[in-house]
Amino acid sequence: MNIHEYQGKQLLKGYGLPVADGVAITSADEAEAAAASLPGPLYVVKSQIHAGGRGKGRFKELGADAKGGVRLAKSPAEAAANAREMLGNTLVTAQTGPQGKQVNRLYIEDGADIDRELYLSLLVDRETGRVAFVASTEGGMDIEAVAHDTPEKIVTLSIDPETGVTPTDVAALNSALKLDGAAAQDGEFIFPTLYRAFVEKDMSMLEINPLIVMTNGRIRVLDAKVSFDGNAMFRHPELEGLRDKTEEDAKEIEASEWDLAYVALDGNIGCMVNGAGLAMATMDIIKLYGAEPANFCDVGGGASKEKVAAAFKIITQDPAVKGILVNIFGGIMRCDIIAEGVVAAVKEVGLQVPLVVRLEGTNAELGKQILNQSGLNITAADDLDDAAQKIVKAVG
Ligand code: ADP
Ligand code: MG
């Protein structure tokens, strides 16, 4: 689960970490008062969307020479003028895709006097099975570009879960970020505290880009991208209120409500499968025959007819879907239930694209019978290979 920058900063502030004062607003009328409540004399108006690269992003509705999604202002009135221009418009950044994201909320933040912009993140390093810090002196820009052009400027440090962040780790991070004096002293508090926040809140990602050294030599968290491990959300009722469903894919929300695993992809064949292994095999074989999956929806074991119907509807909602492949191996899941669910869904929402169904396992014959007698235009397949060839041919 992802949250907004202002929420991430509030959370970090609760741990005593240095973040600027700020106020989140949803209407431009609130902007001037919000800015006036801050110390000044510099104010920053920041678009709150679940995507990075906002500073360099551009608003679709505004001219190419208009400013981006993070703007500096020298007075509360100027902050308000910017807020009026930004709110409700669509921000396109390197991370939003060409369709962009509508800006419904702004964060008005106190401006910082920046000396240096650094990069610091925490993530779960799957190779070591540990939480790792990634640090670089090259902050404020696209870290992927830094990793590509100057990989030697990125330092990765994994933390021993037994000890947590040790003084040696702190020294290594201070050195990687070239911090000394007051900034290095700040590091002694900031690094272990970020680690504690990461572990306590079951984060999967905490990215601070940039972490800054201010002209007064102190450190501040200037941007915060926080993601939580979705599988651990049951342990954190306090985080539930941070979820912003308007930022999530509507189909993924609906799928999660039915306890279905739905993943959107870039191709044009929608896939309904049961089990992650079969999902992978189905996508591989679609690719083998020269097409690409648009998504897959895993109905799991023991799904009801209603759940199957919901899955089918979610798949067909995607306008990129030009054909559907239902590939089910009925072990616990019975093929007749799948067939009934598919027929019920097609009767409700119609079938605008070719549908190929491959059923195998428990009650497979009964399932095929239900499909054949439905009067619907469904192509039955004999096996996985046959099914993949048929659907790839059907979408052309
Ligand atoms: P994004 O990464 O989405 O572009 P950031 O929060 O990193 O958004 O802001 C982009 C840039 O704007 C920063 O690298 C920094 O130079 C500047 N900036 C952001 N917040 C402030 C602030 N409070 N004071 C001064 N400059 C800021
Ligand atoms: Mg940033």
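How many salt bridges does the rule find across the interface of domain 1 and domain 2? I looked this up and noted one salt bridge (a side-chain nitrogen of Lys or Arg within 4 Å of a carboxyl oxygen of Asp or Glu) across that interface.

I worked from a predicted model, in which local features need pLDDT of at least 70, side-chain atom pairs count only at pLDDT 80 or more, and totals for chains, interfaces and linings use all residues. I read residue numbers from 1 along each chain as its sequence is written, and side-chain values use heavy atoms, with hydrogens and water left out.

**Domains.** I took the bounds from an automatic or database domain assignment: domain 1 spans 21-110, domain 2 spans 114-239 and domain 3 spans 250-395. The centres of domain 1 and domain 2, taken over C-alpha atoms, lie 26 Å apart.

I identified the partners in the salt bridge as Arg54 and Asp223, whose side chains meet at 3.1 Å, N to O. On the side of domain 1 that touches domain 2, I recorded five charged residues (Asp, Glu, Lys and Arg count as charged), one polar and no nonpolar. Contact, meaning heavy atoms within 4.5 Å, involves six residues of domain 1 and five of domain 2. I noted a buried area (accessible area, 1.4 Å probe, that two parts lose on being put together, summed over both) of about 330 Å², with 16% from carbon and sulfur atoms.

**Whole chain.** I recorded a box of roughly 75 × 50 × 40 Å along the principal axes, filled by the C-alpha atoms.

Notes. Chains are lettered from A and ligands numbered from 1 in the order in which they are written.
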